Amino acid sequence: MVNCCGLLNTNKEPVPLKSVEVELEVRDHVATVVSTLNYENKEDKPLEAVFVFPLPGDAAVCHFSAKIGQTHIVAEVKEKQEAREEYDDALSSGQQAFLLEESEQSPDIFSLSVGSLPPGESASIRLEYVIELAVQADEGLRFCLPAVLNPRYQPQGSGGSEAGNVQVTSVPASLVPYSLSFSARVSSPRPVSKVESNCPLDPLQHLNTEQTRATVKLAAGHKFDRDVELLIYYKDAHQPTAVVEAGQASSKPGTLMGDPVVMLSLYPEFPQAVTSSVASCGEFVFLLDRSGSMCGGEIKSARDTLLLLLKSIPLGCYFNIYSFGSSYEHIFPKSVEYNQKTMEEALKKVDTMEADLGGTEILKPLKHIYSKPCIPNQPRQLFVFTDGEVGNTEEVINLVKQNSGSHRCFSFGIGEGASSALINGLAKEGGGHAQFITGTDRMQPKVMQSLRFALQPAVVDISVTWDLPKGVSVTALSPPITALFQGQRSLVYAQLTGQSSEASEGCVTVKYSLAGHPSQNQLHFSLRPAEDTGLTVHRLAARTLIRSLEMEERECEEEEDGGVKKKKVVDLSVQSGVSSAFTAFIAVNKGNSEAIQGPLVRRNVPTPSKCFQGNIKSYSYALLTRY
């Protein structure tokens, strides 16, 4: 019989996770996030606590450790199956073990297993990741701490693993049984003007007279029942920058971690004479998610976003509107010219759309759209509105990438818990731009920015060339730039090998062509390493390269080369200490002299869910294949 004391889920089972503490440090546009998860076993049996939770899809998870009493154990990154076996062996021999693994289907979902927590014992788990913050339409930098993990719909016959599914336990957001404390420190060469949030904040505290350093924290009593969104504003506009970070002294020169790495932040400025002379044209294909998970405010938000776009596209363009769930529908048999009559017809139909089409099967309408011939001299722009609750994330992104030569994809993540892996992945591989719509207050500038980008002609012939002192060579770590938008940041990572006794400055030139007009932007930068960045830039660069290699591995899965790519990912992940789809963090408490006795009781830690009816639901879907 369960001893019902402490925090309970709605199945009356004790929840061993008591609180989450998050410390955010933002330096200019890069954030380091340290989360501490505090567990306590108040039952009379040893426990295994399993917590499946969201993280930003583009985060570089770089540290995982556990503290039990006075014992501190730092986890190692190992090949995933090897880590799982080590975890299972430790538990079966009565040792304590901790396992953190990323989903193979979607990089924004992680599973944390805390094994053999004896009765009455506590454990603190520390998790650290680094991430670049996206620039918003109003020049703010957006940080999102995801709390909501919505169940991901796995269409029949899609690529998810069938070999064993993970249980994701969800509760209504108001019943999340653990608390959150959250504080942020912000520093930049430019003054910090304000920090805004969707959650109540204590007043911003500036730490120096120049106002370049500041702190802020969530007001007391916040429940971890929704995503925490911060918008950080600096006083001056974003400028191109270069940060060179020294390699790790203990790593071998010539390796990614042993050599210096440079992070370039580029903000292309197009000649106004070119941008103002370009005629507005295009075929706009809108794809609206009407699955059941878009219930409530999500479908209204998606409708409002689409209606605003419909009223804003220029006359003479072409358009069509698709909506999907388990099946899909379209308003016109094929794209029609945008005029008063067709706009009014579309507005009437969109206004009546509800979240009533079942599951989230996005592949079928995408394939149908791609099968339609493009209209001459009307570049195709695909706008996708979804909460991203799909289990076949990688399959969808791959399809968009395969068709990226015929269109650009602009994605809108709608509501709490929208999958950052899907929304950002669609835009990245489709050469477009991603937006997240979590309320109505900032919707209009985001929508108009995406429309402005879509009406900009595609930038072609993009090249990056380096001018470095003799003796210094460069290795690109980022995939080639495939899209540039006016004033929108592009990030480039590169490894610098060798040394020079001569000039201590480098130069990078980005060349491109816009509407037949060649143009270029140039940035001179110091090769002297920055101070106090630790290995942040190296970890972000490693994450960028890992994601590129994972994509290549999926593309050549059927070929012999797939195994070679996978080994490269594993080797790079282990060397850099950054998680991947094929590795996991494992920590075993080998100093525990007494074996923990008795069978383990499993406790699933719930996450908040936005669309929730009735009692607690356990959703089983093919994401992680441990159990």
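This is a predicted model: local features need pLDDT of at least 70, side-chain atom pairs count only at pLDDT 80 or more; totals for chains, interfaces and linings use all residues.
Phenylalanine 270 and tyrosine 512 are both buried (under 20% relative accessible area with a 1.4 Å probe, protein chains only). Residues are numbered from 1 along each chain as its sequence is written, and side-chain values use heavy atoms, leaving out hydrogens and water.

## How the rings meet

Rings of Phe, Tyr and Trp (its six-membered ring) pair up if their centres lie within 6.5 Å; planes under 30 degrees apart count as stacked, over 60 as edge-to-face and the rest as tilted. That rule gives 17 aromatic pairs here. Take phenylalanine 270 and tyrosine 512: their ring centres are 5.5 Å apart and their planes sit at 65 degrees, so this pair is edge-to-face. Phenylalanine 270 is in the loop between β19 (261–266) and α2 (272–277), while tyrosine 512 belongs to strand β30 (residues 505–514), 242 residues apart.

Now look at phenylalanine 284 and phenylalanine 286. With centres 6.3 Å apart and planes at 20 degrees, the rings of phenylalanine 284 and phenylalanine 286 are stacked. Both residues, phenylalanine 284 and phenylalanine 286, are buried. They also belong to one aromatic cluster, whose members include Phe383, Phe410 and Phe485.

## The whole chain

Buried residues make up 57% of the 627 residues in the protein chain. Of the contacts (heavy atoms within 4.5 Å) with a separation of 6 or more, 76% join residues 24 or more positions apart.

Conventions:
Buried means under 20% relative accessible area, exposed over 50%, partly exposed in between (1.4 Å probe, protein chains only). Helices (H or I, at least four residues) and strands (E, at least two) are DSSP runs, numbered from the N terminus.
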